[in-house]
Amino acid sequence: MQKLIGLVRRCVEDYRMIEAGDRIGVGVSGGKDSLALLVFLAELRKYNHNPFQVEAITIDMGLGMDYSGIEQLCKDLDVPFHLVKTEIGPIIFDHRKEKNPCSMCAKMRRGALNQAILERGFNKLALGHHYDDAVETFTMNLLFEGRIGCFQPVTDLDRTGVIQIRPMLYIHEKTVDNFAQRMELPVVENRCPVDKTTKREETKKLVYELSKTYPELKERIFGAMQR
């Protein structure tokens, strides 16, 4: 825990993600990444020299997923929990029958999350993207969109006035997996009909295969993005 908190703290300090008095909403999907981030920020607030508040926000997609384990985790961490119910899943899969649902789903989830952040008066939104996510996003943009770019560690959402932060960028996915298992985090089963069949999953496998031949591939891509 202390080693990982140290990595989160370093990322936060390197990019000046958290300031005194911040009210941070953590986007908790129920996956291991967002749950780990929630634990890290709840722990970091005990020691950070800039006092800040942490609350969890979960967007219920309307797919029948059980979030009671997350609610209990939040109680254990002394973190307020907000569950926002939507019909995003049924709209995309049942009514619109989207052939390429991921893009629209991401936009609708982002919209619901941003609205929830504004309604509750948070000034920052923390997302659980890690080291591997950054590398894969860069690769996806290059392969599928023909552009060089990735998400930023800190993003100012101009239209809302909310600032997005990604405090786990220095932590690898395998490390997050091990942490989630050791801490027995209440990971929610993903009931999305297209889970594990997305372009991101395809890219993840490609990067994994390339890394067998070029072991420092991820480090080189991440370093290039930082520079």
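Predicted model: local features only at pLDDT ≥ 70, side-chain atom pairs only at ≥ 80, totals over all residues.

Tutor: Let us begin with a helix. Helices (DSSP runs of H or I, at least four residues) and strands (runs of E, at least two) are numbered from the N terminus.

Student: How many of the 16 residues of α2 are buried?

Tutor: Buried means under 20% relative accessible area, exposed over 50%, and partly exposed in between, with a 1.4 Å probe and protein chains only. Twelve of the 16 residues of α2 are buried, so this helix is largely enclosed by the rest of the structure. Among them are D33, S34 and E43, as well as L38, F40 and L41.

Student: Which residues have the most contacts inside the largest nonpolar core?

Tutor: In soluble globular proteins, nonpolar side chains tend to be buried together. A nonpolar core is a set of buried Ala, Val, Leu, Ile, Met, Phe, Trp, Tyr and Cys residues joined through side-chain atoms within 4.5 Å. The largest one here has 51 residues, and I18, L38, F40 and L41 have the most contacts inside it. Elements giving two or more residues to this core include α1 (2-14), β1 (23-27), α2 (32-47) and β2 (53-60). The largest share, nine residues, comes from α2. Another core, of 17 residues, lies apart from it and includes V84, I92, A116 and I117.

Student: With which residues is L41 in contact?

Tutor: Contact means heavy atoms within 4.5 Å. Leaving aside neighbours within four places in sequence, L41 is in contact with I18, I24, V26, F52, V54, A126 and P167.

Student: How should I read a positive phi?

Tutor: Most residues other than glycine have a negative phi. R16, which is not a glycine, has a positive phi of about 50°; R16 is in the loop between α1 and β1 and is exposed, with a relative accessible area of 72%. D78, also not a glycine, has a positive phi of about 60°. D78 lies in the loop between α3 and β3 (81-85), and D78 is exposed at 60%.

Terms used
Residues numbered from 1 in each chain as written. Heavy atoms only, no water.
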